[in-house]
Amino acid sequence: MIPGDMSNQEITKVQELIYTTRVESVMASDVIVIDPSMTMSQVKNFMRENRISGAPVVAEGKVIGIVTMNDVIRSMEDGKLDSPVTEVMTTEVRTVLMDAKVAEVVNNLGRRGFSRLPVVDHDGKLLGIVTTGTLIRSLLLQMDKSFQKNEAEKLYTYRASHIFQDISSDDTGLTLRYFVNERDFDNAGKASSLIKRSLQRLVVQPQIVRRVGVAVYEAEMNLVIHTDIGGEIVVEVRKDRVNISTVDHGPGIADLKQVLQPGFSTAPEWIRDMGFGAGMGLANIKRVSDVMKLTSDPGHWTRLEMVFNFGPDPLLPKVELEKSLTRGSQ
Ligand SMILES: Nc1ncnc2c1ncn2[C@@H]1O[C@H](COP(=O)(O)OP(=O)(O)O)[C@@H](O)[C@H]1O
Ligand SMILES: [Mg+2]
């Protein structure tokens with residue numbers, strides 16, 4: 001690859017963080033909210049005093065709408081400044097669940113032109129707000145932190161990386177299996193972060209670990225969001241590549257071509273209200289993997305296979321080189 005050539009497959013540190021960071025840790029928790037009893041004229045003054053251009057309207061802790069400067073301007077033009085805010089606000093509010101990964105926010109902000117997303121807990125109560133500003137600030141902070149790898153992690157890395165060296169066979173493979181439950185948003189993303197960590201310890205190249213991280217997160221979320229009874233992720237690490245597959249037992253996919261289109265999603269409204277289901281998952285997987293194969297028997301099962309080649313840098317090539325050098329000099 002030509003240096004500086006931004007190939008589609010190249011995953012930056014920031015993109016990696018987006019897929020590993022929880023929304024909760026990038027939100028601003030001191031949210032300025034609008035009371036539903038306010039009139040538009042009160043909203044106008046309130047926004048000016050607080051120097052904000054929009055805010056969620058909150059009743060009993062829950063977001064019931066969102067009002068922006070545009071709404072204020074429109075009510076001024078229409079001579080409706082005395083109207084209650086509840087008549088003017090947008091009531092179809094996209095929110096995001098605190099446990100979701102920042103990737104979901106980015107998929108939503110990017111595709112729909114939203115500039116702020118209220119963050120909610122599992123009961124729909126408002127916890128904070130994410131804007132592009134809060135996002136950038138906290139990602140920069142995280143970048144700093146993530147460069148420090150602790151001593152314990154170095155030891156694990158040392159031990160794990162010796163597996164391929166210590167076990168002798170013509171073709172060694174290591175199989176890792178993860179079970180994912182349907183609708184388990186508390187644990188969603190856990191398998192993919194364990195997979196990433198395992199690959200890091202096996203000293204797979206960082207760029208490939210990042211790509212796997214993106215793909216396997218999206219695949220895991222699809223098991224959580226779209227399956228009837230969850231499914232399984234199988235990771236097979238070989239010397240020259242990693243094969244990953246997810247399998248589930250329904251509902252299956254009727255039109256494979258359709259689901260591969262960016263932005264296409266069958267996620268129900270309540271799942272979209274938690275920030276998931278922007279329809280970018282399979283498109284992202286396709287972009288970052290070397291081989292992707294989606295097969296399904298509608299009504300029965302779905303299987304997604306992905307391959308990531310290590311290319312000219314297979315696992316532990318240096319060790320083999322050393323061996324053959326010693327042999328040669330004896
Ligand atoms: N394991 C699966 N079982 C059934 N349908 C699936 C599965 N994975 C993906 N799909 C279908 O493919 C669509 C697109 O998936 P994706 O691109 O990840 O977007 P999203 O998950 O945001 O909807 C989903 O909305 C769903 O209809
Ligand atoms: Mg998806």
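Which residues in α10 meet Gly 281, Asn 284, Ile 285 and Val 288 in α13? The first legend below gives the answer, and the others show further details of this predicted model. Local features are taken at pLDDT of at least 70 and side-chain atom pairs only at pLDDT 80 or more, whereas totals for chains, interfaces and linings use all residues. Residues are numbered from 1 along each chain as its sequence is written, with chains lettered from A and ligands numbered from 1 in the order in which they are written.

**Figure 1. Contact of α10 with α13.** Arg 211, Val 214, Ala 215, Glu 218, Ala 219, Met 221 and Asn 222 are the α10 residues that meet α13 (contact: C-beta atoms, placed from the backbone, within 7 Å). The residues of this contact comprise six nonpolar, three polar and two charged (nonpolar: Ala, Val, Leu, Ile, Met, Phe, Trp, Tyr, Cys and Pro; charged: Asp, Glu, Lys and Arg; polar: the others, Gly among them). Helices (H or I, at least four residues) and strands (E, at least two) are DSSP runs, numbered from the N terminus.

**Figure 2. Packing geometry of α10 and α13.** The axes lie 9 Å apart, and the helices pack at an angle of about 150° (axes: lines fitted to C-alpha atoms, for helices over the stretch in contact; angles: from 0 to 180 degrees between N-to-C directions). α10 and α13 are therefore roughly antiparallel (angles over 145 degrees). Their crossing is left-handed (the near helix is turned anticlockwise from the far one by less than a right angle).

**Figure 3. Shell around ligand 1.** Ligand 1 is surrounded by 22 residues, the closest being Val 259, Ser 265, Thr 266, Gly 281 and Leu 282 (near: C-beta atom, placed from the backbone, within 6 Å). By class, the shell holds 11 nonpolar, nine polar and two charged residues. At least two shell residues come from each of α10 (206–226) and α13 (281–288); α10 gives the largest share, five residues.

Definitions and conventions
Angles under 35 degrees count as roughly parallel, over 145 as roughly antiparallel, 65 to 115 as roughly perpendicular and the rest as oblique. Two residues are in contact if their C-beta atoms, placed from the backbone, lie within 7 Å.
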